[in-house]
Every structure is written in C-alpha cells, then in structure tokens.
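Visitor: I would like a close look at one part of this structure. Please take me through it step by step.

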Amino acid sequence: MTDSERLLHSRSFVELGARQRARALLDTGSFRELLGPFDRLMSPWLPRQGIVPQADDGVVIAKGKLAGRPAVVAAIEGGFQGGSMGEVGGAKIAGALELAVEDNRNGIPTCAVLLLETGGVRLQEANLGLAAIAEIQAAIIELRAHQPVVGVIAGSVGCFGGMSIAAGLCSHLLVTREARLGLNGPQVIEQEAGIGEYDSRDRPFIWSLTGGEQRHASGLVDAYVADDVEAIRSQLLALLAAPSAQRASRHQWFLERLAQLGDDCPQLDAAAVRALYQGDA
Amino acid sequence: METLNFQFPAAQPGRGRALVGCVSSGDLEVLIEPGQAGSLDIQVVTSVNGSQARWSQLFQRLFDGRDLPALKIDIHDFGATPGVVRLRLEQGFEEIGHD
C-alpha cells in the first residue's frame, strides 16, 4: 500500500468525539451507554456561574465487550470545558469503576478503559471536582487488583492535573503523538517558572518534553501508536492481555533517578530525560 | 448566559431521539425527542446574551414551509454562528429520520 492509500484508509481517533471513541473501541453492536445525555444529569454549578452545561457533563460511560470480555469505557469529551472534571462527570467515572469492582467480586471479570482528555479538576467546581478525582484514583487502584484498567491519551487536549495522577495509576497507558501527559499544563508552568524557562507557546518544545513520543521513550507509558482507530483498538486489546508494568509501585526507583541530578542541575532537555529513565527497576 | 423558549405549531409527535454536537467553542449541542402533540417546543440555553431575536428568526427561516412533527428540542449553545446552528439542526432532523 502506498502512503497516500494508507492515509485514505486510516480513520483518525483524535478527531472523534467522546461517544464516537467509546463506540469505535468496543466490539461492534455491544455499546450500551449508562447515564446518557437524555438522562440530563448535568452540572448544577456551571449555570449558577453563567456557564452553559452539557447534557452528559462531558463524560460518556459505556458498557460493552472488548474482544468478547466484559468492559466499561469512560470517555471524557475534551471539547466541553477542556475535559475538566466536575462533580457529576467525576462521579460518573468513579461510579462506573466501582461497579466494575463489584462485577469482579460477583465473578464477572469486567475491565476498564479510560479515554483521558482532560485539563484536570474543573476550577468552577473546586473541591467537589477534587473529591471526585480522589474517588476515581481510589477506584482505579481497587479495580486494577482484579482486572486491567487501561488509560488512553489520544490528544489533542492531553491529560493534566489530578487526572494525570489517575493516568499514572492505570495498569497500562497508551498514547499517540498528539497526546501530552503532565502534572501541570504548559501555561501554569510558564506562570510559575517564567517564560525563559518554559515558553507555553513553543509547541515543538512543549511536545518534546510532555508529548506522547517522549513519554514513551522515557518509559512512562506502555504503548505509542499512530492516530488510527484500528491501530489504537488492536494495541488496546494487546495491552489487556499483557502483564502490567506496575509503574506506580516503582516510585522509589524514579525518585532515586531524580536524586542523582543533585540540587543545582541545569534544565534537562528531552534526550537527557530519556537517558535518566532508562534501565530496569 | 440566558435561557430562551420558543414554540411552533406542529403535527403528531415524531419518533426517535437524537443528540448531535457538543458544547465546545463555536459549537452547540442539540437534543431532539418526541414532544406533545401539536407543538414543537424549543429551549435554548446560550452563552450569548441578547440573542432572542436572532434565534427566533433562525427558527422561522428554518421551519418555513415545512410540516413539522411534534418535538421537544433542547439546545446548549456555546457561541455557535447561525450557520453552524442550522447545520446541527438539519443533522439532528436527519438522524431522527433514520430511526
């Protein structure tokens, strides 16, 4: 196949909305949405602050099958309020994960996939969003003891804030080149560190440090795939069958690597970060 | 942000439901459901204040000369232009037509 034929046959995953993404990953015909938009479970806090709400609060929860195994998919809509986690959307994800844990206790091996496009907590909902993120993190840890929890960061929003910690807790992480993963977003770092150290408008610089390719080369995610529905789905199925790298329990190894740098180390570039994180635990 | 309500005469309730669009910048979300016989009810929640006349004219132009089923339409608008609004509504009507 020539490059142009391949391009014409590929279906972009990044360009899909949250609901289309969940549908594209689950086995054909198995998609069943829980608490859908017509249930109108919306944020009660946004309209009070003059902000238009969305009927599903930007979170799609779908039950279905992944290569025949029972699964729940939680997809965040990055277009709505930057995919921010509010009280309702956060509770939908936490509740879905908790029900998957209950499934496992009852002998149903439900696994979970999180489609993460989020800037983190929704500032307008403050502590309620933070509490929801804490519940999501606790539920991920509980569920991953039974069945894999796979985080997918496709882009273009990326995954930041408290939800980047949730991503780090997943059994596996899958990214594309469009993805970014980091605790603070570029503008926050620029504000804190100064534009000389971190220019948030310098996109190649930002992606060189927090982009999917760099995160994969640094060993911080498990799979790096092209932005293509079939490629992402087949890689997701492969990860579901693979043992987890259990990165979150290796924090000591990462801390030791960082301690080697000393107190007065110059700013690292992408290659230096890759070199720092090489090797086995 | 403001909430606007519109009502148009219609025939029997339509069938099927549809959701199109998303509350992202320059876009809108449209939820279409069967309504009460004889009435097409639209509620618009929009981020743009003072846009009552524009929405009213947009709906009149869109529905002019059409036989409308009775529907309940919910719109969550995040600054969509009239062109985008019209495309989304047509997309929604097409989707309930498919069911």
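Guide: Start with strand E6 of chain A, residues 172–175. Two bridges join E6(A) to E7(A). The two strands run parallel. Pick out one pair of residues here. Val175(A) stands opposite Tyr224(A), which lies in E7(A). Keep in mind that this is a predicted model.

Now widen the view. E6(A) and E7(A) belong to an open sheet of seven strands in chain A. Follow the order across the sheet: E1-E2-E3-E4-E5-E6-E7. The pairing in this sheet is mixed. Two strands sit at the edges. They are strand E1 (32–34) and strand E7 (223–224) of chain A. Each edge strand pairs on one side only. For E7(A), the link to E6(A) has been seen already: two bridges, running parallel.

Next, turn to where chain B meets chain A. Here 15 residues of chain B are in contact with 13 residues of chain A. Three strands of chain B each supply at least two residues to the side that touches chain A: strand E3 (28–34), strand E4 (39–46) and strand E5 (71–77). E3(B) gives the most, with three residues. Sort that side of chain B by class. It has seven nonpolar, four polar and four charged residues.

Last, check the confidence scores. Chain B has a mean pLDDT of 94. In chain B, 99% of the residues reach 70 or more. The model as a whole scores ipTM 0.94 and pTM 0.95.

Note on methods:
Residues numbered from 1 in each chain as written. Chains lettered and ligands numbered in written order. Predicted model: local features only at pLDDT ≥ 70, side-chain atom pairs only at ≥ 80, totals over all residues. Pairing = 2+ DSSP bridges. Helix = DSSP H or I, 4+ residues; strand = E, 2+ residues; numbered from the N terminus. Contact = placed C-beta atoms within 7 Å. Nonpolar A, V, L, I, M, F, W, Y, C, P; charged D, E, K, R; others polar. pLDDT = per-residue confidence, 0-100.
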